[in-house]
Amino acid sequence: MPNESGTQDHESAEAVESTPSTPDIDEQPFLDATSDAKSRYGRFNLAVIGGSGVGKSSLVNAVFGRDWAKTGKGLPVTRGVQYFNDDSLGIWDVEGFEIGSQLRPREQLKNHLAAIAKHDADRQIAVVWYCVKATDDRLTPADIEMIRELDDEGLPVILVVTKVDWGPRNPITGNRSVPKGVEEFVEWLQNPVDENDVALNIPYRCVILTSTRDRNGKESKHGLGELVAETLALAPEDEKDAFRIAQRLNLPWKRDMARTVVAAASATAAGAAAVPVPVADAAVLAPIQLGMMGRIATIYDLEIKTMLSAGALAQVGVQLAGRALASSLFKLIPGAGSVINAGVAAALTAATGEGWTRLCEQVHTGKIELDKVNDSVGDFVPGFLDVIRKMAEQKVSRS
Ligand SMILES: Nc1nc2c(ncn2[C@@H]2O[C@H](COP(=O)(O)OP(=O)(O)OP(=O)(O)O)[C@@H](O)[C@H]2O)c(=O)[nH]1
Ligand SMILES: [Mg+2]
């Protein structure tokens, strides 16, 4: 193959021919980064407490997109308490109190909490959603006792009013009204008093009105954004990221986390190329980028192994390393140079990270199905060549 100077370039010709079949990219950094990210971000544990049928499972499903309750395969802890979990989320599903039991509700709950406390540290409750139906008109003495017990145990309680039947939107304010009865209940909750009008101190941190469906059973979600915002605010610092990962309603939180990962990886890549790397050795950047991609996948609660086939992974690797293009690079792009310097390494890593974040988001939101990811990678993760070309163009236009 003649190059620009008209001489033969055996080495490059060889590289071009051999690369597609020998992508010597190790997927291990990818897998390591995923498990590292999982253990770093940890798990967020939520207790959802409320009577049978108040809508606990529907709420969990709407916020976290996990349909565990329907499959019913939780770990039965004690009667009325089940634990469901995956990597980022643990749910303690606590079914109010057992009517007709010898024990007072507060004692029952104390026993439940004692049983939970015996579990490992990564299962301990961070926040409680105490759920009551919108059609109730007061909290019962049992509810009040239980909320006090939770507070005594140092657990932050969000009082969640479920199944709120929202009225039509007000054309001026844009707000939806709640039925009169619910309004009175909420007023009482803001300022609870007993039957003698004496103020009651009930230690929930806030009241949130929610619904997951309308009265006809059609999906209709309300109040959930507020619920996740309050839950995040009450989560301990070291479980906030796990909660951001576990929830499925707030995408900007995930995007911000991904951006942090991309920035860190770009800086690492720049460091790796501080002494410029020959293009043919661009594989040194691959572990950095694969690691970054593994972490981002974790943020979107995705499993890299289920996202990409081995073949597609290898292809991404080739793309990242730029091996396939290395030899032809300088011929195609005047001024690109034969080395990757810190700027190119950082730009390449940032572009890869941004593309991969967008792809993960599409999969996370169901816009791209898992079995189509292999075909879509190329559209999202920019080719090595594209990035170099863009940089070369910028260089040319600046000079
Ligand atoms: N109208 C209305 N119905 C709801 C809402 N949320 C849940 N439901 C319905 O209420 C019923 C109970 O909901 P679940 O989410 O299973 O309640 P749960 O508290 O988990 O019930 P148990 O696990 O049996 O204690 C289901 O038929 C839901 O479809 C809502 O916001 N509005
Ligand atoms: Mg349930």
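A residue counts as buried here when its relative accessible area is under 20%, as exposed when that area is over 50%, and as partly exposed in between. The structure is a predicted model.

**Helix H10**

By that cut-off, the buried residues of H10 are Leu 251, Trp 253, Lys 254, Met 257, Ala 258, Val 261, Val 262, Ala 265, Ser 266 and Ala 269. The helix runs over residues 251-272 and has 22 residues. At 1.5 Å a residue it should span 32 Å, and its end C-alpha atoms lie 31 Å apart, which agrees. The N-terminal end of H10 is capped by Asn 250, which places a side-chain oxygen 3.0 Å from the backbone nitrogen of Trp 253. Trp 253 is itself one of the buried residues of the helix.

**Salt bridges**

Side chains of opposite charge can pair when their charged atoms come close. The cut-off used is 4 Å, from a side-chain nitrogen of Lys or Arg to a carboxyl oxygen of Asp or Glu. By this rule the model has 13 salt bridges.

| Arg 43 | Asp 122 | 3.8 Å |

The salt bridge between Arg 43 and Asp 122 is formed with the closest N and O atoms 3.8 Å apart. Arg 43 sits in the loop between helix H2 (28-41) and strand S1 (44-50), and Asp 122 in the loop between helix H5 (105-117) and strand S5 (127-133), so the pair ties together parts that are 79 residues apart in sequence. Arg 43 has a relative accessible area of 17% and is therefore buried, whereas Asp 122, at 41%, is partly exposed.

Lys 240 and Glu 237 both belong to helix H9 (residues 237-246); because they are three residues apart there, about one helical turn separates them. Lys 240 is buried at 10% relative accessible area, while Glu 237 is exposed at 64%.

Glu 361 is buried, with a relative accessible area of 15%, and Arg 255 counts as partly exposed at 31%. Elsewhere, salt bridges that share partners join Arg 106, Lys 110, Glu 149 and Asp 152 into one network.

**Surroundings of ligand 1**

Ligand 1 is surrounded by 13 residues, of which Lys 56, Ser 57, Ser 58, Lys 163 and Thr 212 are the closest. Helix H3 (56-64) and strand S8 (211-213) each contribute at least two residues to this shell. Sorted by class, the shell holds eight polar, four charged and one nonpolar residue.

On its own, ligand 1 has 650 Å² of accessible area, and the protein covers 67% of it.

Note on methods:
Residues numbered from 1 in each chain as written. Chains lettered and ligands numbered in written order. Predicted model: local features only at pLDDT ≥ 70, side-chain atom pairs only at ≥ 80, totals over all residues. Heavy atoms only, no water. Helix = DSSP H or I, 4+ residues; strand = E, 2+ residues; numbered from the N terminus. Expected span 1.5 Å × (residues − 1). Buried < 20%, exposed > 50% of the residue type's maximum accessible area, 1.4 Å probe, protein only. Polar contact = N/O pair within 3.5 Å; in protein donor to acceptor, adjacent residues only side chain to side chain. Near = heavy atom within 4 Å. Areas by Shrake-Rupley, 256 points an atom, 1.4 Å probe, with all protein chains shown as cover. Nonpolar A, V, L, I, M, F, W, Y, C, P; charged D, E, K, R; others polar.
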